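Here is a short briefing for a reader meeting this structure for the first time. Please keep the sequence and the model in view while reading.

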Amino acid sequence: MSLTSTAGRALAAALLLLAACDETSGFDAGADVALIVDDAVAARQGGDLARAVTLLEGAHERQPDDAEVRVELATTLLQRDGLDLMDLDRIGRFLSETAESEASPAAQRGPSARQGDYCALADDPSARPFDPTSVAGFDTLAAHAATLARTAALLGPVVPDALQSFDACTSVVDGALAYDRDAALAELAGRGLTEPQVAQALAVNALARFLDAYLFVAERLPQQTTWYRRADGSIVICVEDEAALRADAEQAIRGVGQAVLSLDARAALVGSGSVAAEVVAVALDAYQELRSAVADYCDA
């Protein structure tokens, strides 16, 4: 064999290796998706979140139905944008805090609405205007709205129906959650996820749905609204068209409820005495506050 032939074969092999490597994604196009996920997790744990996202986006493109890939990508997107359960906890406490501990009230967001039995608060000296966008870090949260929506979409096919088919009138009874928690956890395990991955999926799903719903009620509800905090700490939203408010708010209320279910299932998985259980209580209080603020659907 000539030296020229040997060199030619070596060059050809090198070119094949280069061709197999996707320069934009940074992984071998022929690599097993499981290995790509392992590399992405290692990159995330090492702080290289950009590389982790790139790897997982490539894996998701190759296997869009893979539950593990969806969970890992959703997790990494939120971590990249600095969003975690502390954001949920902070907003939940902001909504459910009492008047005595309330942050300084912000300016009224709109003109005073209908002065009927539901919302005659403009002339109530004990009621103060309340701005839902005045929670600490709201601007940062709003800047990541697209990430939250993408994360919720990624986990939609992974999260069981029992955690997504939240009903405002039947899923919370006397302040307690009513759903088949064991079946939901079993279904998640049946998708090939490990227990830590199940807990991870539930936390990320709860965070994305809660924050996305809060952005909706804070920014995208009908503009002719005025928020008030009563002396007892409860929130009321005044609006000219109450029926329109209910219709627009239903999706957001459901999103907060879905978040509460995911948090509750996660707390059961990791232990009822954990911090997760405390976050469940905060989220449930926030859910009930929001539902009451836009009227009680179940007594209508």
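In what order do the 3 strands of the open sheet stand? The order is S3-S6-S7, and the pairing is antiparallel. This is a predicted model. The protein has 12 helices and 7 strands. Of its 300 residues, 47% are buried. Among contacts with a separation of 6 or more, 78% join residues 24 or more positions apart.

**The open sheet**

- Strands of a sheet pair through backbone hydrogen bonds, either parallel or antiparallel.
- Here the order S3-S6-S7 comes with antiparallel pairing.
- Strand S3 (128-129) and strand S7 (235-239) are at the edges. Each has a single partner strand, so one side of each has no neighbour in the sheet.
- Strand S6 (residues 225-229) is joined to S7 by 5 bridges, and the two run antiparallel.
- Tyr 228 stands opposite Val 236, which belongs to S7.

**The largest nonpolar core**

- In soluble globular proteins, nonpolar side chains tend to be buried together.
- The largest nonpolar core in this model holds 79 residues. Phe 210, Tyr 214 and Tyr 287 touch the most other members.
- Helix H10 (residues 195-220) gives the largest share of this core, with 14 residues.
- Leaving aside residues up to four places away in sequence, Phe 210 touches Leu 88, Ile 91, Gly 92, Gly 255, Val 256, Ala 259, Ala 283 and Ala 286.

**Tyr 214**

- Tyr 214 lies in helix H10.
- Is Tyr 214 buried or exposed? Its relative accessible area is 1%, under the 20% cut-off, so Tyr 214 counts as buried.
- Beyond residues up to four places away in sequence, Tyr 214 touches Ile 91, Phe 94, Leu 95, Pro 132, Thr 133, Val 135 and Phe 138.
- Tyr 214 and Pro 132 are 82 residues apart in sequence. In space they are 8.6 Å apart, C-alpha to C-alpha.

**Aromatic pairs**

- How many aromatic pairs does a search of the whole structure find? The search finds 4.
- One of the pairs joins Phe 138 and Tyr 214 edge-to-face. Their centres are 6.4 Å apart, with 75° between the planes.
- This pair links distant parts of the chain. Phe 138 is in helix H6 (residues 138-143) and Tyr 214 is in helix H10, 76 residues apart.
- Phe 138 and Tyr 214 are both buried.
- Phe 166 and Tyr 287 also form an edge-to-face pair. The distance is 5.3 Å centre to centre, and the planes are 80° apart.
- Phe 166 lies in the loop between helix H8 (161-164) and strand S4 (172-173), and Tyr 287 lies in helix H12 (residues 275-293), so this pair ties together parts that are 121 residues apart in sequence.
- Phe 166 is buried, at 6% relative accessible area. Tyr 287 is buried too, at 1% relative accessibility.
- Ring pairs also link Phe 94, Phe 130 and Trp 227 into a cluster.

- Arg 266 sits in helix H11 (residues 242-270).
- Not counting residues up to four places away in sequence, Arg 266 touches Leu 85, Ala 199, Leu 202, Ala 203 and Ala 276.

Notes
Residues are numbered from 1 along each chain as its sequence is written. This is a predicted model: local features need pLDDT of at least 70, side-chain atom pairs count only at pLDDT 80 or more; totals for chains, interfaces and linings use all residues. Side-chain values use heavy atoms; hydrogens and water are left out. A nonpolar core is a set of buried Ala, Val, Leu, Ile, Met, Phe, Trp, Tyr and Cys residues joined through side-chain atoms within 4.5 Å. Buried means under 20% relative accessible area, exposed over 50%, partly exposed in between (1.4 Å probe, protein chains only). Helices (H or I, at least four residues) and strands (E, at least two) are DSSP runs, numbered from the N terminus. Contact means heavy atoms within 4.5 Å. Two strands pair if DSSP finds at least two bridges between them. Rings of Phe, Tyr and Trp (its six-membered ring) pair if their centres lie within 6.5 Å; planes under 30 degrees apart count as stacked, over 60 as edge-to-face and the rest as tilted.
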